[in-house]
Amino acid sequence: QVRLVESGGGLVQTGGSLRLSCAASGSIFRINAWGWYRQAPGKQRELVAAITSTGSTNYADSVKGRFTISRDNAENTVYLQMNSLKPEDTAVYSCNGDATLRTGVRQIRWGQGTQVTVSS
């Protein structure tokens, strides 16, 4: 089984920065793709950023130029560097990992979520 553990959320002022991390553990052969999602109160969950095994990335329009997703394949970890934060970035952020286990089985797992609050 794959387990994802996130860290790095918190409270920051407008214009500030935060870095989220999500580490995968288990009998992992490869993380095929990672995604960061967020859900604000009363809103649907949305994809913020994603990165493939080859390093290709895509971002929501609302975060382009401010957020950067990166991955460390050796550590099975994904990061989300968030700069120039705005109050509208306030949400619970969750990572999503598409993993292939050493057995060849493929699993998609979610982290527990971490709160990001941007004060105005």
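Helices (H or I, at least four residues) and strands (E, at least two) are DSSP runs, numbered from the N terminus. The model is predicted, local features need pLDDT of at least 70, side-chain atom pairs count only at pLDDT 80 or more, and totals for chains, interfaces and linings use all residues. Residues are numbered from 1 along each chain as its sequence is written, and side-chain values use heavy atoms, with hydrogens and water left out.

**Exercise 1. Determine how many helices and strands the chain has, and describe its overall dimensions.**

Step 1. The chain has zero helices and 11 strands, which gives the pattern β-β-β-β-β-β-β-β-β-β-β along the sequence.

Step 2. The radius of gyration, taken over C-alpha atoms, is 14 Å, close to the 14 Å of the globule rule for 120 residues, so the chain is as compact as a globular protein of that length. The globule rule is 2.2 Å times the number of residues to the power 0.38.

Step 3. Along the principal axes, the C-alpha atoms fill a box of roughly 50 × 25 × 25 Å.

**Exercise 2. State what share of the chain is buried, and what share of its contacts joins residues at least 24 apart.**

Step 1. Buried means under 20% relative accessible area, exposed over 50%, and partly exposed in between, with a 1.4 Å probe and protein chains only; by this criterion 43% of the 120 residues are buried.

Step 2. A contact means heavy atoms within 4.5 Å; among contacts between residues at least 6 apart in sequence, 56% join residues at least 24 apart.

**Exercise 3. Explain why strand 9 is described as largely enclosed, and identify strands that pair with it.**

Step 1. Two strands pair if DSSP finds at least two bridges between them. Strand 4 (residues 28–39) runs antiparallel to strand 9 and is joined to it by 10 bridges, including the one in which Ile28 has Leu101 as its bridge partner.

Step 2. Strand 10 (residues 106–110) pairs with strand 9 in the antiparallel sense over five bridges, with Gly97 standing opposite Arg109. In the hairpin of these two strands, four residues lie between the strands, and Gly104 takes a positive phi near 95°.

Step 3. Strand 11 (residues 114–119) is also antiparallel to strand 9, through three bridges, and Val116 in strand 11 is the bridge partner of Ala91.
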